[in-house]
Amino acid sequence: MTRFVVSVALAVALVAASLPAVENARADRTTSHLDAELTRVGDAARGLIETEDAVGDASLAARRVVTVSVPERSLTAASVDYVELDGGDGPTGASFGYRLAGREETTYHLAGVPLSTPSGPVRLSDTGTHRLALSLVERGREPVVTLRRLEADDAGEPN
């Protein structure tokens, strides 16, 4: 009986000691995933400017649809409070950011890409796949990429 109690106590101690490492691994994996997702959005915006012509009529603008996946908390993924994409109306330009539960916000600035979010920052709070539309328009003779969230009824496409 004593061996059993000692074995259980040792097992509990080992599990308790490893939990912080598991949580850090979850956070690292989720951070890497979100960094890659936001890099793809930035690359799509840059690609529009490099390969397409801006037009004044938004309905005729070149467009890219990009999906962003916000993972659900699991054994391998940390809980995500939100992912936010904000246009460059402020002094620092466009920014992409996210916050994992219980952690500080991580923010990246998208340099060299004029990005606008006409309806305000796009905040993704729900887990799952979100579709974003990037369009290249002309404003004041300058190209600007507009970013908005695609809803289920946009262009008859499912969300």
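These are my notebook entries on one predicted model, written as I looked things up.

**Entry 1: the overall layout**

I started with the parts list. The chain has one helix and eight strands. Reading along the sequence, I got the pattern α-β-β-β-β-β-β-β-β. Then I checked burial: 33% of the 159 residues count as buried. I also looked at contacts between residues at least 6 apart in sequence, and 62% of them join residues at least 24 apart.

**Entry 2: the sheet**

Next I went after the strands. In what order do the strands of the open sheet stand? I found S1-S7-S8-S5, four strands with mixed pairing. S1 and S5 are at the edges with a single partner strand each, so one side of each has no neighbour in the sheet.

I then took the pairs one at a time. S1, residues 62-70, is joined to S7 by nine bridges, and these two run antiparallel. One spot I clicked on was Arg 63, whose bridge partner in S7 is Ser 135.

S7 and S8 are antiparallel too, with eight bridges. I followed a few of their partners along S7. Ala 133 has Arg 148 as its bridge partner in S8.

Is the pairing of S5 with S8 parallel or antiparallel? It's parallel, and two bridges do the joining. On that side, Ser 116 stands opposite Thr 146 in S8.

A reminder to myself from class: in a regular strand the side chains alternate between the two faces of the sheet.

**Entry 3: the turn between S7 and S8**

I zoomed in on the hairpin of S7 and S8, which has two residues between the strands. Gly 140 has a positive phi there, near 60°. Arg 141 sits in the loop between S7 (128-139) and S8 (142-149). Its phi is positive as well, near 70°, and Arg 141 isn't a glycine. That made me stop, because most residues other than glycine have a negative phi. Is Arg 141 buried or exposed? Arg 141 counts as exposed because its relative accessible area is 75%, and the cut-off for exposed is over 50%.

**Entry 4: His 130**

Still in S7, I picked His 130. Which side chain makes a polar contact with the side chain of His 130? I found Arg 149, at 2.7 Å. Skipping residues up to four places away in sequence, His 130 touches Val 66, Thr 67, Val 68, Val 70, Leu 124 and Arg 149.

**Entry 5: the nonpolar core**

Then I looked for the largest nonpolar core, and it has 29 residues. Which members touch the most other members? They are Val 41, Val 83, Leu 85, Leu 115 and Leu 134. The elements giving two or more residues to this core are H1 (2-51), S1, S2 (80-86), S3 (95-100), S6, S7 and S8. H1 gives the largest share, with seven residues. This goes with a rule I noted earlier: in soluble globular proteins, nonpolar side chains tend to be buried together.

I looked at Leu 134 in more detail. Leaving aside neighbours within four places in sequence, its contacts include Val 41, Ala 44, Ala 45 and Leu 48. Leu 134 also contacts Ala 62, Val 66, Leu 115, Val 145 and Leu 147, among others.

**Entry 6: Pro 121**

Pro 121 is in the loop between S5 (115-116) and S6 (122-124). With a relative accessible area of 45%, Pro 121 is partly exposed. Which residues does Pro 121 contact, leaving aside neighbours within four places in sequence? My list is Glu 84, Leu 85 and Asp 86. I also checked Ser 95, which is 26 residues away along the chain; the two C-alpha atoms are separated by 9.4 Å.

**Entry 7: rings**

Last, I searched the whole structure for aromatic pairs and got zero. Tyr 82 still gave me something to write down: Arg 123 lies over the face of its ring, 3.8 Å from the ring centre.

Definitions and conventions. Residues numbered from 1 in each chain as written. Predicted model: local features only at pLDDT ≥ 70, side-chain atom pairs only at ≥ 80, totals over all residues. Heavy atoms only, no water. Buried < 20%, exposed > 50% of the residue type's maximum accessible area, 1.4 Å probe, protein only. Contact = heavy atoms within 4.5 Å. Pairing = 2+ DSSP bridges. Polar contact = N/O pair within 3.5 Å; in protein donor to acceptor, adjacent residues only side chain to side chain. Core = buried A, V, L, I, M, F, W, Y, C linked by side-chain atoms within 4.5 Å. Phe/Tyr/Trp six-rings, centres within 6.5 Å; stacked < 30°, edge-to-face > 60°. Lys NZ or Arg CZ within 6 Å of the ring centre and 35° of its normal.
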